[in-house]
Structure formats: C-alpha cells, structure tokens
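This briefing gathers selected packing and contact features of one protein chain. The sequence and structure are shown below, followed by notes grouped by topic.

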Amino acid sequence: MNAGDQYTNPGEAHDMPPGSPSILPPGAPPLPQRGPLPPPPAPSGPSGPSPVPIGGRAEQAFDPPSGMAWARVSPRLTWHRRIAVLLWALPITVIGAFVLSRTIGLPGGLIWLAVVLVACAMSWIVAELSYRSWGFAERADDLLVTHGFFVRHLVVVPYGRMQYVDVTAGLLEQWLGVATVRLHTAAAATDARIPGLPARDAAILRDRLAQKGEARSIGL
C-alpha cells in the first residue's frame, strides 16, 4: 500500500459523515444493507369464518319454517287497536284537561292535551307495527305463532298438547268482523292466541286445529 493511499477501518465507519459510502479493503465481505423489514408471510390454510351481523342471527330465529311463509292476520287488526286507543284517550283527555285547567290554569290543560296527542300518535304507529309482526304457520305436528315488534316472540304449540281451542270477539271486534283464536294447552306457558283473523277464517282454523289436536291425542 502506498503512503498516499487511504484505508478506512470498517469499525470506524461511524466516524464518517452520514450518507458517505463505506470503503472496504480488498476481499472483505460487503456490509449488510439496512432497511425496513419485509412483511411477514401470509398464513397458509383456509381462512376463518367471516363475521355474521348479530342482527342477522337474531332475525333467523324468527324466520318461518323452511319452505313455508307466515300466514298473516287481517289489516283490520290495526284499526281495532287504533280505535281502542281513541276510545280510551277521549275521556282521559277531557277529564285531565278539565282538572288541570281548574288547578293550574289554561296552560296546564293545553300541556295535558299535547301529551295525550303525542301518546295517541305513537300508539297509532305501534298499532301498524304490531299488526305486521303477527304471523302463524301450521306444520305437520305443531303450530308456530310469532308476534312482537320491540320484543319478538315465537311460540311452538304441539297439536298433541292442545286441550281445547276457542274463538273470542269483543264488541269492537264484532263490528270490524274479526275474532281471536286462542289455544289452551296443558302448560300455560305454551298457550297461544292469534288475533285479528276474519270471523270465517277464525272458525275454519278453530275446527282444523281441534281435529289435529284430537288426532294427535288419539295417537299418543
């Protein structure tokens, strides 16, 4: 090596200015390059199940049986609920407004009237939602009844457990031409009812369920 040649020791590379190239002696292995680590390899094998929305799983619990559709009740059930609300709201509105206007004054009566109107409007909407939630399906061995909007219910009534089936209709239901079919079983928890059926359909369903219940009881 000549006196004019410069030699840089690899151990002293940290004394060089940043960014300057390293000078290695002849025959020395190259220094490893520094940089970002490569991404980890993708895991092999089948991927896990995709997440299912919680709401979807909850709705599946109230789906009709496979290959069947829910039989719906009459739309007159909505008007039955709405008229019943109005019949209750009318005397409550008059009495409450009179009492509050006598004790608090006219503002108290107006506030009571506004509260009753808001409650009637909400009941008007809930009546429609309640009607849409009712449904039933007749299978070979049992009857399924579903209802409820805020809290869903699904009742399965085996035909062999039915004791008797009756049909009821109040004054307002008779005026609207609808009736309620009630199923009574050995356990009160499995009792079910189907409101808002046309009177003729209610009578046909009553007889059909009674025949199925009698046939299953004889088979047991």
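This is a predicted model: local features need pLDDT of at least 70, side-chain atom pairs count only at pLDDT 80 or more; totals for chains, interfaces and linings use all residues.

**Contacts of H80**

Apart from neighbours within four places in sequence, H80 contacts L172, E173 and L176. This residue, H80, belongs to helix α2, and it counts as buried because its relative accessibility is 17%, below the 20% limit.

**Helix α2**

- Helix α2 covers residues 76–103, a run of 28 residues.
- The buried residues of α2 are L77, T78, H80, R82, A89, T93 and G96.
- Packing against these buried residues involves α3 (106–133), α4 (171–176) and β6.
- Just after α2, the residue G105 adopts a positive phi of about 125°.
- An α-helix has 3.6 residues a turn, so residues three or four places apart point the same way.

**Aromatic pairs and charges over rings**

- Two aromatic pairs are found when the whole structure is searched.
- The ring centres of W79 and W124 are 5.6 Å apart with planes at 90°, so this pair is edge-to-face.
- This pair connects distant parts of the chain, since W79 is in helix α2 and W124 is in helix α3, 45 residues apart.
- W79 is partly exposed, at a relative accessible area of 43%, and W124 is also partly exposed, at 33%.
- The rings of F149 and F150 have centres 5.1 Å apart and planes at 80°, so they too form an edge-to-face pair.
- F149 counts as partly exposed at 46% relative accessibility, whereas F150 counts as exposed at 67%. The two fall in separate classes because exposed means over 50%.
- R82 lies over the face of W79, 5.2 Å from the ring centre. R82 is also listed among the buried residues of α2.
- The charged end of R152 is placed over the ring of F62, at 4.8 Å from its centre.

**Surroundings of T180**

- T180 is located in strand β5 and counts as buried, because its relative accessibility is 3%.
- The side chains of T180 and E173 make a polar contact at 3.1 Å. E173 is also one of the residues in contact with H80.
- Not counting residues up to four places away in sequence, T180 touches D166, V167, T168, E173, R193, I194, P195 and G196.

**The largest nonpolar core**

- The largest nonpolar core has 21 residues, and those touching the most other members are L143, L183, I194, L197 and L209.
- Two or more residues of this core come from each of β2 (142–147), β3 (153–158), β4 (162–168), β5 (178–185), β6 (192–198) and α5 (199–219).
- L209 contacts E138, L143, Y159, M162, V165 and L183, leaving aside its neighbours within four places in sequence. Among these partners, L143 and L183 are also listed with L209 as touching the most other core members.
- I194, another of the residues that touch the most other members of the core, is also in contact with T180.

Definitions and conventions. Residues are numbered from 1 along each chain as its sequence is written. Side-chain values use heavy atoms; hydrogens and water are left out. A nonpolar core is a set of buried Ala, Val, Leu, Ile, Met, Phe, Trp, Tyr and Cys residues joined through side-chain atoms within 4.5 Å. Buried means under 20% relative accessible area, exposed over 50%, partly exposed in between (1.4 Å probe, protein chains only). Helices (H or I, at least four residues) and strands (E, at least two) are DSSP runs, numbered from the N terminus. Contact means heavy atoms within 4.5 Å. A polar contact is a pair of N or O atoms within 3.5 Å; within protein, one must be able to donate a hydrogen and the other to accept it, and residues adjacent in sequence count only if both atoms are side-chain atoms. The expected span of a helix is 1.5 Å times one less than its number of residues. Rings of Phe, Tyr and Trp (its six-membered ring) pair if their centres lie within 6.5 Å; planes under 30 degrees apart count as stacked, over 60 as edge-to-face and the rest as tilted. A charge sits over a ring if NZ of Lys or CZ of Arg is within 6 Å of the ring centre and within 35 degrees of the ring normal.
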